[in-house]
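Hi everyone, thanks for coming. I'd like to walk you through one model this morning, so please have a look at it before I start.

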Amino acid sequence: MSPRSASVNEELRRRSKERLLQAAVELVGEHGYDTTTLGDIADRAGSARGLVSYYFPGKRQLVQSAVHRLMHRTLEEALEREPRTAEGPERMARAIDAILGLARDRPVLMRQHMAGLLQAEVGFVPCPEQRRLAELLRDTVARHGSPDVDRDYPMLRALLMGAVFAALVPGVPMPVPVLRAELFKRYRLEWGMGVPPDAEAPDGTTCDTDLSRFFSTGGPDRPTGTDRGDRSERTTQSK
C-alpha cells in the first residue's frame, strides 16, 4: 500500500481535531467540566485517547478551543443569516443577541467556560478559534462606526463577557432581556433589531442540540470518523 499524501494526512488531522472539539462541547454541556474526562471526550469522538494530548496541552485548553469554536460559528451564523446586511447597528444587535443567546441556551457550557477563564493556572488561552471570534467582533465594532477599533473592541468584549457572567451567576442571575436592554442602550440600538426575546427566532439561531454544522468533520459522500484512514491515524498516534 502506497503511503498517504501530505494533503490526505492533513485532512485526517483536521477531521480528528474537529471531532474532539465537538465531543468536548457536547459532553461538558451535558455533564459539566469536572465530570467530563479526556477519555470521555476521546471515546465520544471515536479517537484514540493519545490523540487528545497530541493536539491539545490539556483538558482546559481543549474545552476553551471548543467553546470558542461554538461562539465564533454561532456569531458568524447570526451575522450572515438572511436577510444579509452590511448595516452596522443591525450587525451589532445580531452579535449581542448571539452571545447572550449562548448564555441563555447553553448555561452549563458557558458557566464552565467562564469559570475556566478565571483560573490562574490556565486563564485565557489564545487559539485559532478565539482569534476568529475576535476578528468577527472587531469587524462588528468597525462596521458600527467606531473611530478607534483597538479601543472599542476590548470594551465590547468585556461588556459581553460581563453580561454572560451576570446571566449565569448561580442564585442571582440577571434576566437576559434586562442585560440586552442595557447593551442596546449603550450602542444606541433599536429594540426590534437582531432577535428580540419575544420574537420568533429566524433559522440558524435556535438552540439546536445537533452541533455538527459548527464542526465540519467530513467531505461530500464521506463518513465522519469510521473510515480506514481515520482508524489508521488513531493507531499510529497512540503508539
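Predicted model: local features only at pLDDT ≥ 70, side-chain atom pairs only at ≥ 80, totals over all residues.

The protein has ten helices and zero strands, so if you trace the elements from the N terminus on, you read α-α-α-α-α-α-α-α-α-α. Of the 239 residues, 47% are buried. The protein exposes about 12,300 Å², and carbon and sulfur atoms supply 53% of that area. Now look at contacts between residues at least 6 apart in sequence: 71% of them join residues at least 24 apart.

Let's move on to charges. Side chains of opposite charge can pair when their charged atoms come close. How many salt bridges does a search of the whole structure find? The count is 18.

Next come R44 and E26, with a salt bridge of 3.0 Å, N to O. Because R44 belongs to helix 2, residues 38-45, and E26 to helix 1, the pair ties together parts that are 18 residues apart in sequence. R44 is partly exposed, with a relative accessible area of 39%, whereas E26 is buried at 18%.

E76 lies in helix 4 and R132 in helix 7, residues 128-143, so parts that are 56 residues apart in sequence are tied together. Both ends are partly exposed: E76 has 26% relative accessibility, and R132 has a relative accessible area of 28%.

There is a network as well: salt bridges that share partners join E80, R84, R91, D139 and R143. Let me stay with R91 for a moment. This arginine lies in helix 5 and is buried, with a relative accessible area of 3%. Leaving aside residues up to four places away in sequence, R91 touches L79, E80, T85, A86, D139, T140 and R143. A polar atom of the R91 side chain lies 3.4 Å from the backbone oxygen of L79.

On to the rings. There are two aromatic pairs. In one of them, the rings of Y54 and Y55 have centres 5.1 Å apart and planes at 75°, which is over the 60 degree cut-off, so the pair counts as edge-to-face. Y54 is partly exposed, at 45%, while Y55 counts as buried, at 15%. Arginines also sit over rings here: R60 lies over the face of Y33, 3.6 Å from the ring centre, and R180 lies over the face of W191, at 4.4 Å.

Finally, the backbone. R188 is in the loop between helix 9 (176-186) and helix 10 (228-238), and it is exposed, with a relative accessible area of 75%.

That's my tour, and I'm happy to take questions.

Note on methods
Residues numbered from 1 in each chain as written. Heavy atoms only, no water. Phe/Tyr/Trp six-rings, centres within 6.5 Å; stacked < 30°, edge-to-face > 60°. Buried < 20%, exposed > 50% of the residue type's maximum accessible area, 1.4 Å probe, protein only. Lys NZ or Arg CZ within 6 Å of the ring centre and 35° of its normal. Helix = DSSP H or I, 4+ residues; strand = E, 2+ residues; numbered from the N terminus. Contact = heavy atoms within 4.5 Å. Areas by Shrake-Rupley, 256 points an atom, 1.4 Å probe, with all protein chains shown as cover. Polar contact = N/O pair within 3.5 Å; in protein donor to acceptor, adjacent residues only side chain to side chain. Salt bridge = Lys/Arg side-chain N within 4 Å of Asp/Glu carboxyl O.
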